[in-house]
Amino acid sequence: MASFKIALLLGVIAFVNACSQAPGTTTTTVTTTVTTVSADDASEAGILSSHERSLIRKTWDQAKKDGDVAPQVLFRFVKAHPEYQKMFSKFANVPQAELLTNGNFLAQAYTILAGLNVVIQSLFSQELMANQLNALGGAHQPRGATPVMFEQFGGILEEVLAEELGSGFTAEARQAWKNGLAALVAGISKNLKKAEDLADPQTKLTPHQIQDVQRSWENVRNGRNALISSIFVKLFKETPRIQKHFAKFGSVAVDSLPGNAEYEKQVALVADRLDTIISAMDDKLQLLGNINYMRYTHIERGIQRGTWEDFGRLLLESLAASGVSSDDVDSWKGVLAVFVNGVSPRN
């Protein structure tokens, strides 16, 4: 199952990559992602048997002999879905009536043919296909690729194969292709990430995480001073030496801190700083600037990484106790990990 999922995924991915290639090129590219799939992954319905894989390879070997197959598949695809033609910058504005004689269009069509041919001939190399799937995924979403689009492309591919092979495209062979294309769509659905789940390469945060944190913070921000104060009290009780970093109330008994003027000033300062950082999280430059500011203003105080980690842990506990959902708490964990790594790197 994994081998076929990967094989068709690689081949049809070539179709997406073709959108951005230079005129006349026939290079199939592979985009890396962080998706991990094992070689024995076979969880979807419609697992392909060895016989089905043989049928797919046999019918493909017959069909590819006709050089018109690839242009016809791509032509019918953009004809049925004109909006997708805009994804191909090199022939986005070419009239459909002229596509089959357009050099850029033909180059992209044969790129797809080459990609499909390579992966279908590798159907039985399960380990190799699993490794390739681990190199695909989320990076295709920004190009506009969706599971529905791949499903539509697969349907047109099946139609062209049936017309090309005639009686050679038996009911058994058609079912093998249907099973394989269903596996393709299942694989695409798992490996294409939504835009909100793609991490920024610099901040390492996803829009989804930022939205969760900002939304949940808005629900507790009016009580942020009390929230921070409760964290400080717990932190100082757990590790008394941390309180010594604050000279103006370092010697005050922990239980006497609430109401102490200097302590309350520090609480308000931390609460407002946190509020500022969270409010500006969707501005990458400002977020990175805030993290760097926190890092360099605390270096001289000698605050260790463990202190930041403990503060983050207590903040997560307090948020959960305040009614923040588990999904939002997970987003907070990711955000706090980025924050701690920025303020106090491990090395």
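The following legends describe close-up views of a predicted model.

**Figure 1. Overall make-up of the chain.**
The predicted chain contains 15 helices and zero strands. Of its 347 residues, 49% are buried. Among the contacts in the chain with a separation of 6 or more, 76% are between residues 24 or more positions apart.

**Figure 2. Helix 7 and the residue that follows it.**
Helix 7 covers residues 147-165, and its end C-alpha atoms are 27 Å apart. This distance agrees with expectation, because 19 residues at 1.5 Å a residue should span 27 Å. The buried residues of helix 7 are Met-149, Phe-150, Phe-153, Gly-154, Ile-156, Leu-157, Glu-158, Val-160, Leu-161, Ala-162 and Leu-165. After helix 7 comes Gly-166, which has a positive phi, near 60°.

**Figure 3. The second largest cavity.**
Two or more of the lining residues come from each of helix 3 (69-80), helix 5 (103-120) and helix 7. By class, the lining of the second largest cavity comprises eleven nonpolar residues, with no polar and no charged residues.

**Figure 4. The largest cavity.**
The largest cavity has a volume of about 110 Å³. The residues that line the largest cavity are Leu-205, Leu-274, Ile-277, Ile-278, Met-281, Leu-287, Ile-291, Trp-332, Val-335, Leu-336, Val-338 and Phe-339. At least two residues of this lining are supplied by each of helix 12, helix 13 and helix 15. Helix 15 gives the largest share, five residues. The lining of the largest cavity is made up of twelve nonpolar residues, with no polar and no charged residues.

**Figure 5. The largest pocket.**
The volume of the largest pocket is about 510 Å³. Its lining has 25 residues, and those nearest the centre of the pocket are Gln-266, Val-270, Met-294, His-298 and Trp-308. The elements that give two or more residues to this lining are helix 10 (224-238), helix 12 (261-279), helix 13 (284-298), helix 14 (305-321) and helix 15 (326-343). Helix 12 provides the largest share of the lining of the largest pocket, six residues. By class, 18 of the residues lining the largest pocket are nonpolar, five are polar and two are charged.

**Figure 6**
Phe-246 counts as buried because its relative accessibility of 14% is under the 20% cut-off. Phe-249 is likewise buried, with a relative accessible area of 2%. Phe-249 also pairs with Tyr-263 in an edge-to-face arrangement, at 5.4 Å centre to centre and with 90° between the planes. This second pair links distant parts of the chain, 14 residues apart: Phe-249 lies in the loop between helix 11 (240-243) and helix 12, while Tyr-263 belongs to helix 12. Tyr-263 has a relative accessibility of 0% and therefore counts as buried. Through ring pairs, Phe-232, Phe-236, Phe-246, Phe-249, Tyr-263 and Phe-311 are linked into a cluster.

**Figure 7. Lys-204 and its loop.**
Lys-204 is located in the loop between helix 8 (171-191) and helix 9 (207-220). Lys-204 has a positive phi of about 70°, although this residue is not a glycine. The relative accessible area of Lys-204 is 54%, so the residue counts as exposed, for which the cut-off is over 50%.

Terms used
Residues are numbered from 1 along each chain as its sequence is written. This is a predicted model: local features need pLDDT of at least 70, side-chain atom pairs count only at pLDDT 80 or more; totals for chains, interfaces and linings use all residues. Side-chain values use heavy atoms; hydrogens and water are left out. Helices (H or I, at least four residues) and strands (E, at least two) are DSSP runs, numbered from the N terminus. The expected span of a helix is 1.5 Å times one less than its number of residues. Buried means under 20% relative accessible area, exposed over 50%, partly exposed in between (1.4 Å probe, protein chains only). On a 1 Å grid over the protein atoms alone, a cavity is a set of points where a 1.4 Å probe fits but cannot get out, and a pocket is an open set with protein on both sides within 12 Å along at least five of seven lines; lining residues have an atom within 4 Å of a point. Grid points are joined across faces, edges and corners, and a volume is the space filled by probe spheres set on the points. Ala, Val, Leu, Ile, Met, Phe, Trp, Tyr, Cys and Pro count as nonpolar, Asp, Glu, Lys and Arg as charged, and the others, Gly among them, as polar. Rings of Phe, Tyr and Trp (its six-membered ring) pair if their centres lie within 6.5 Å; planes under 30 degrees apart count as stacked, over 60 as edge-to-face and the rest as tilted. Contact means heavy atoms within 4.5 Å.
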